[in-house]
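Good morning, colleagues. Please have the sequence and the structure open before you.

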Amino acid sequence: MPDNAADDAGHTAASSFVISVVIPTLDSAPSVAAAIRSAPPGAEVVVVDGGSGDGTAEEAARAGARVETAPQGRAVQMNAGARAARGEILVFLHADCRLPPSAAGQVTSVLARPGVVGGWFPQRIAGGGTLLRFGARGANRRARWLDLPYGDQAIFTTRSAFQEVGGFPEEPIFEDAGLARRLRRVGRLEPAGAAVTTGTEHWQRLGPVPTAVLDYLTLGAWLAGVPPRWIAKAYYPLQRGSRGR
């Protein structure tokens with residue numbers, strides 16, 4: 001993401017928001033309004049649409065979000081949303097996720113800790129049975145133990161830290177873990193105390209167990225240095241669609 005000092009100054013002068021919630025969308029009409037409504041009162045919500053054909057942008061506008069457009073690709077869309085946003089804290093929320101009512105306090109509390117530049121929310125899967133509860137528990141342990149939260153855990157950071165590290169790596173997969181890795185170079189990441197709620201779509205395509213196995217295999221490949229574009233070519237056909245929007 002280019003560093004533009006004049007643009008930064010304009011954002012600071014015009015900003016009337018503490019928190020901006022950035023939501024990337026692609027054919028997310030059934031879920032986007034609920035995601036927007038979960039944003040903290042007084043927060044700015046920027047929806048960045050990647051070319052939906054189901055009326056997502058119109059639904060988002062009706063729900064009160066500011067709608068931007070960008071070329072399709074979650075990382076590209078979120079970087080565009082960060083540039084358009086006016087808040088000093090950026091929260092990146094998937095369209096099938098819901099922030100907890102205490103999100104504003106959770107985010108500001110985490111970021112007020114010395115040395116902390118970002119954080120994430122533990123995950124809860126909506127209406128999940130036993131296997132999905134184990135899936136969420138595994139995701140939260142992975143985020144804690146490896147310090148690598150995923151996008152469906154609503155990663156947040158300060159605008160200054162986001163700009164310092166260059167935003168999301170514009171890769172077709174693991175852009176979320178890539179941002180976390182970049183942020184760890186300049187400070188710590190810590191979890192919030194309340195959970196973000198995510199939908200079950202990601203887990204239902206293959207079933208909870210195959211999905212978990214696939215996710216950990218692809219994570220292992222990424223950690224081993226396999227290029228994300230290669231991982232995406234194998235992952236997305238198996239998942240029969242784009243993950244977690």
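Predicted model: local features only at pLDDT ≥ 70, side-chain atom pairs only at ≥ 80, totals over all residues.

Which residues of α6 meet which residues of α10? In α6 they are L131, L132, G138, A139, R142 and L146, and in α10 they are P208, V209, Y216, L219 and L223; contact here means heavy atoms within 4.5 Å. By class, this contact has nine nonpolar, one polar and one charged residues. Ala, Val, Leu, Ile, Met, Phe, Trp, Tyr, Cys and Pro count as nonpolar, Asp, Glu, Lys and Arg as charged, and the others, Gly among them, as polar.

Residues are numbered from 1 along each chain as its sequence is written, and side-chain values use heavy atoms, with hydrogens and water left out.

To return to the two helices: α6 spans residues 130-146 and α10 spans residues 208-223, and they pack at an angle of about 15° with their axes 10 Å apart. Helices are DSSP runs of H or I with at least four residues, strands are runs of E with at least two, and both are numbered from the N terminus. The axes are lines fitted to C-alpha atoms, for helices over the stretch in contact, and angles run from 0 to 180 degrees between N-to-C directions. α6 and α10 are therefore roughly parallel to each other, the term for angles under 35 degrees, whereas over 145 counts as roughly antiparallel.

What is the arrangement of α10 and α11? These two helices pack at an angle of about 170°, with their axes 10 Å apart, and are therefore roughly antiparallel. From α10, the contact involves T211, L214, D215, T218, A221 and W222; from α11, it involves P228, I231, Y235, L238 and Q239. Sorted by class, there are seven nonpolar, three polar and one charged residues.

A nonpolar core is a set of buried Ala, Val, Leu, Ile, Met, Phe, Trp, Tyr and Cys residues joined through side-chain atoms within 4.5 Å; buried means under 20% relative accessible area, exposed over 50%, and partly exposed in between, with a 1.4 Å probe and protein chains only. Beyond its neighbours within four places in sequence, W222 is in contact with L148, F174, A177, G178, R181, P228 and I231.

Next, the backbone. Most residues other than glycine have a negative phi. F174, however, has a positive phi of about 60°. F174 sits in the loop between α7 and α8 and is buried, with a relative accessible area of 4%. D147 also has a positive phi, near 60°. D147 belongs to the loop between α6 and β8, and at 23% relative accessibility it counts as partly exposed.

Lastly, I turn to A60. This residue lies in helix α3, residues 56-62, and is buried at 0% relative accessibility. Not counting residues up to four places away in sequence, A60 touches V32, I36, V47, A65 and V67.

Conventions: Parallel < 35°, antiparallel > 145°, perpendicular 65-115°, else oblique.
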